[in-house]
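Please go through the points below with the structure open beside you.

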Amino acid sequence: MLQRKQTVFLLLALVLTMICLCLPVGLFYQEGMQPSSLMLNLWVKMPDGSHDYSVWPMFALLLLSCPIMVTAILTYKNRMFQSRMCVISMLLMLAWYAAYAMFGFVVPCVGGASFTPSIATALPLVNMILLFFARRGILADEAMVRAADRIR
């Protein structure tokens, strides 16, 4: 199972997704105010210490992609299903970026706050690249198996 390169790519993507779930993804700065709000995937930590859970869809998208990647890792014998799981995970990462743009850049503009993204926002992009390489390896394996079946 782990000897296949696509399994390693899927495992790395899973680990990066879990890391992204835990790290802050940005900071909100109010005009003229020193304290800032810290944005995580599940909540926004306000300067007074309270939590605003309005950004929970970002957490849900990343959390939903974790079991899909685990399923893709464990179904290494069904390559086409594994390939579909990679595509679904990539679409969830794209949906995470759409939610991130909405919660990070569109909504604060209404309130007059500025937003600064953190380095953790690059992790879903790295995940999509790893998932793309995993899918490409899965499809190459499938093509090799089909070619070997044709020879017999």
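1. Glu142 counts as buried, because its relative accessibility is 12% and the cut-off for buried is under 20%. Keep in mind that this is a predicted model. Glu142 has a charged partner in Arg146: their side chains meet in a salt bridge, 2.9 Å from N to O. Both residues lie in helix α4, four residues apart, or about one turn of the helix. Arg146 has a relative accessibility of 47%, so Arg146 counts as partly exposed.

2. The side chains of Arg79 and Glu142 meet at 2.8 Å, N to O. Arg79 and Glu142 are both buried.

3. The count of salt bridges comes to three. One of them joins the side chains of Asp141 and Arg4, at 3.3 Å from N to O. This pair links distant parts of the chain: Asp141 is in helix α4 (residues 123-151), Arg4 is in the segment before α1 (5-22), and 137 residues separate them. Arg4 is buried, because its relative accessible area is 15%. As a general point, side chains of opposite charge can pair when their charged atoms come close.

4. Now the rings. The structure holds nine aromatic pairs. One of them is Phe28 with Phe115: the ring centres are 4.9 Å apart and the planes stand at 45°, so the pair is tilted. Phe28 sits in strand β1 (residues 26-30) and Phe115 in strand β5 (residues 113-117), 87 residues apart, so the pair links distant parts of the chain. Both Phe28 and Phe115 are buried.

5. Phe115 also pairs with Tyr100. Their ring centres are 5.7 Å apart and their planes are at 65°, so this pair is edge-to-face. Tyr100 is in helix α3 and Phe115 in strand β5, 15 residues apart. Tyr100 is buried at 4% relative accessible area, and Phe115 is buried at 12%. Phe28, Trp96, Tyr97, Tyr100, Phe105 and Phe115 form one aromatic cluster.

6. Last, helix α2. This helix covers residues 56-74, which makes 19 residues. From first C-alpha to last, α2 reaches 28 Å, close to the 27 Å expected at 1.5 Å a residue. Which residues of α2 are buried? Among them are Met58, Leu61, Leu62, Ser65 and Cys66. Ile68, Met69, Ala72 and Ile73 are buried too.

Key. Residues are numbered from 1 along each chain as its sequence is written. This is a predicted model: local features need pLDDT of at least 70, side-chain atom pairs count only at pLDDT 80 or more; totals for chains, interfaces and linings use all residues. Side-chain values use heavy atoms; hydrogens and water are left out. Helices (H or I, at least four residues) and strands (E, at least two) are DSSP runs, numbered from the N terminus. The expected span of a helix is 1.5 Å times one less than its number of residues. Buried means under 20% relative accessible area, exposed over 50%, partly exposed in between (1.4 Å probe, protein chains only). A salt bridge is a side-chain nitrogen of Lys or Arg within 4 Å of a carboxyl oxygen of Asp or Glu. Rings of Phe, Tyr and Trp (its six-membered ring) pair if their centres lie within 6.5 Å; planes under 30 degrees apart count as stacked, over 60 as edge-to-face and the rest as tilted.
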